[in-house]
Amino acid sequence: MEEEIKYKPGSNVKIYLLLFLLVPVFFLLDLFVGSYYIPISKILQSIFNPATSEPQIITIIREFRIPKAITAILAGSALSVAGLQMQTIFRNPLAGPDILGISSGASLGVALLVLSAGTLFGAGINSIAGSWGIAGAAWIGAGAILLLIILISARIRDIMTILILGILISSGIIAIVNILQYFSNESMLKSFVIWTMGSLGSVTNSQLAVLLPSVLTGIIIAWFSSKSLDAFLLGENYARSMGMNIRFARSMIFLSTCILAGSITAFCGPIGFIGIAVPHIARMLTGTARHGKLIPVSILIGALVMLLSDIISQLPGSEKILPINAVTSLLGIPVVIWLIFRNKKIGYL
Amino acid sequence: MANDEKVISADHLSIGYPIKGSTGKIIKKDICLNAMKGELVAMIGGNGVGKSTLLRTLIGFQPFFSGNIFIKGLALNNYREKELAKIMSFVSTETIHVSNLTVYDLIALGRYPYTDWSGRLTEEDRSKVDEAIQMVGLKGYEDRNVNFISDGERQKTMIARTLAQDTDIILLDEPTAFLDLSNKCEIVHILHRLAYERGKTILFSTHDLSIAIAECDKIWLMLEQQVKEGSPEDLILDGSFSSLFHNKSLYFDTEKGDFRILKETGQKVIVKGDGAPLNWTIKALERIGFEIITNADSKTDHTLLEIESSYPSWFLKSSETREKFNSLYALCRYLMDSKME
C-alpha cells in the first residue's frame, strides 16, 4: 500500500529548526566522549575561557576533539551533498559520491604512495610523507579520475553510458589496488588497510584550514547548480529542451562532487554509506524534490549522522575505537530500513 | 502575410543515426515537410518508419545527415539553446519517475528558460504556471505527487509543462498512447485549442488515425519510401493512405476513412432499412462474412437472402424461410449456424 506523501510547505521550517538546533547538541556530545573523561563544564570552559583551564584539557579539546568534531560535520555534509548530486544526475537511487570512482582514484593514489613507494623508502613512509603526503596523493588520484570523467562526459552524450564507464573504471582501479596490496609487506598493508577504514581523528588544525574551504567551495558550487539539478530530475532530454547547457551543468556537478568527495577521502580515507543514505533521509523528511531545499537539509542531516557515528565509534565507556566506516554503515542501514517501512517505498530517487 | 510563415520546415532532410567515421544508419532520406503557424499537424506512419527519429531530429536531440531544418525561417543549428527553448518545447514518450515531485513543481520546471540562476519564480512565472494548469484542466491538482495521479493526468501535466515554457511550437511524441478514449480525445482537444486559440504550431505523432483525421489541419504521412503532406481529406481522396501499410489483408476504406481487414466474402445478402440500425446491421453482417447489397432490383435472384431491419426487430427472408429476430446477436448466430450446415 503506497501512501502519497503530501508536500506541506509549513512543516519544512520546523524540520530546519530542529535539525539546526541538534547540531550544536551533537557537537558538544562528540566533544564529551573520548578515552579521557572531561566534564562538559570544563569543555565549555576551555572553549570560551581558556585562561582558566588546565593546559592538557585545552590541548585535548582544541587539538584533537574540536578538529575531529568539525571534520565530522564537514565529512557528513560534503558526502551527503555529493551523493545527492550523483543520485540526481544519474537518476539512480543507489548512486553515491564514489560512483564515478573518485574514492577509488583516491585509494589508488594513496596505495601507490604507501604500498609501492614504501618498499623503496622503507617502513618510514608514513613519517616521510606524513598525512599531507597521503592527502596529496589521494587528491591527485581523485583529480585524475575527475579529469577522465569530464573528458568522457564531453564525448559521450548518454548519461547512463557515463555511469557504466564510471563503475567500470572504479572496479578496474580497485583491482590495481588489490595487486599493489598483494605485493606489499605486512606493515605497509596494515597501514593501507587502516586508511581504508576511515578516520576522522587524524585531521590536524592546519589540515582543517585546507579541508574547510574545500568543502565550502564544493557546497557553494552545488548550491549554484540547484536549478540545473532540478531540471535533471526530468532527464537530460527534457533538460536540454528547456535550454540547459548540458555539458556545463554536468561539469559543474562533477567538479563539485569531486571536490567534496575527493577532499574528504584525501583527509579521512574513504567513508561509505553516508552519501547514499542521507539524501534519501532528506527527501523523506522534507517531501520535496527541489534541490534548493534538499541541499541544506542534506548538509544538516549529514552533519548529525556523522557526529552520531563518531560518538558511537568512540564506544563511550571503553577505551576502544571503532573504524568510522563500520559505524556509518551499521548505523545508517537500520535507519534507512526503518524509513522504508514507514513510507513503504524509498521512491525512485 | 504572417499566416504564410513556415514555422517548421524540413528541407531535403535525411535523418537517422550518423556515426563519426562510418556511414551510420539513414532512416529516411530527402524529407521535405512544412508546418505553418497555428496548424495542428499529425505525423502518421507505421512502426519503425521514423516518426520518433524525425521529432527528435527537429527538436535538436539527434544530429541529421544532410539537408536542413528551419525553425521560423532560421536554421536550427544557428539557434542557441536558450533561445530555442523559448520557441520549441517537447513531450517525449519517457515516463518520469521522481519521488516527491508535485504537479506544480513539474509544470514550473517549464519556466527554466525564463528564470534566473536560482530558478526562483517571479509573479509572471507563477501566473504562466497557473494559466497552464487551468488550460489542461488540472486546477486543484497542484500539490499532488506526480507518481500518484492517473496516466491521463500525468500526460496533461507534461503538456502543461510545455505550456509554461510558453513556446510557439510544441512537438509531442505519441501523446495519446496508452490513454483511454476519453483521455485521448481530451488531450487532442487541448492541442486543438492551443493551435486555434493560441496560434501555436503543434506537431504530434500518433497511431490514432480517426482522431487525427477528424481534428488535424494537416497530416505528415510517413510512408515506407517517401513522405507526403496534406490535409487529411486530400490524402484520403488521392489514395495516399492506402500505401501506409504493406499488409496485404488490410485495405483503406475511402468512404469511411478507416482501415479494414479484408474478409472473404461469401453469400450475398440484400439489406433494407435506414439510419443507425441499417448501418450497424450491415457492419455485423460484414463481420460474419456476408457481402451486402443495399440497392437491389426486385428482379434479382430469389435465392438471395433478404434482411429487413426495423429496430428492434429483424426479418430474414429467403426462398425457404421467413424468420423474425429480436436482436442482431440472435440473427447473426442463426446465420452462422446455417452457414455451418
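Which residues does Leu171(B) touch, not counting residues up to four places away in sequence? Select Leu171(B) and find out: Leu55(B), Leu58(B), Ile59(B), Met88(B), Phe90(B) and Leu203(B). Here, two residues are in contact if their C-beta atoms, placed from the backbone, lie within 7 Å.

**Before you go on**

This is a predicted model: local features need pLDDT of at least 70, side-chain atom pairs count only at pLDDT 80 or more, and totals for chains, interfaces and linings use all residues. Residues are numbered from 1 along each chain as its sequence is written, while chains are lettered from A and ligands numbered from 1 in the order in which they are written.

**Stop 1**

A residue is buried if 20 or more other C-beta atoms lie within 10 Å of its own, exposed if 12 or fewer, and partly exposed in between; C-beta atoms are placed from the backbone. In chain B, domain 1 and domain 2 each give this core at least three residues.

**Stop 2: the domains of chain B**

Colour chain B by domain. Domain 1 is 1-87 + 167-248, domain 2 is 95-165 and domain 3 is 268-340. These bounds come from an automatic or database domain assignment. Taken over C-alpha atoms, the centres of domains 1 and 2 of chain B are 25 Å apart.

Now look where domains 1 and 2 of chain B meet. Here 11 residues of domain 1 are in contact with 9 residues of domain 2. On the domain 1 side, helix H2 (81-85) and helix H6 (181-198) of chain B each give two or more residues. H6(B) has the largest share, 3 residues. Helices (H or I, at least four residues) and strands (E, at least two) are DSSP runs, numbered from the N terminus.

**Stop 3: strand E13**

Select residues 268-272 of chain B, strand E13. Which residues sit on its covered face? They are Val269(B) and Val271(B). The uncovered face has Lys268(B), Ile270(B) and Lys272(B).

Next, show strand E14 (residues 291-293) of chain B, which pairs with E13(B) in the parallel sense over 3 bridges. Two strands pair if DSSP finds at least two bridges between them. Lys268(B) stands opposite Glu291(B) in E14(B). Strand E15 (residues 305-310) of chain B also pairs with E13(B) in the parallel sense, over 4 bridges. There, Lys272(B) stands opposite Glu308(B).

**Stop 4: an open sheet**

Move to strands E2-E1-E4-E5 of chain B. In that order, these 4 strands form an open sheet with antiparallel pairing. The edge strands are E2 (25-36) and E5 (74-75) of chain B, each pairing on one side only. Strand E1 (residues 6-17) of chain B joins E2(B) over 8 bridges, in the antiparallel sense. Find Ile8(B): it stands opposite Ala35(B) in E2(B).

**Last stop: where the chains meet**

Show both chains. The contact takes 27 residues from chain A and 28 residues from chain B. Select helix H9 (226-232) and helix H10 (236-241) of chain A: each supplies at least two residues of the side that touches chain B. H9(A) gives the most to that side, with 4 residues.
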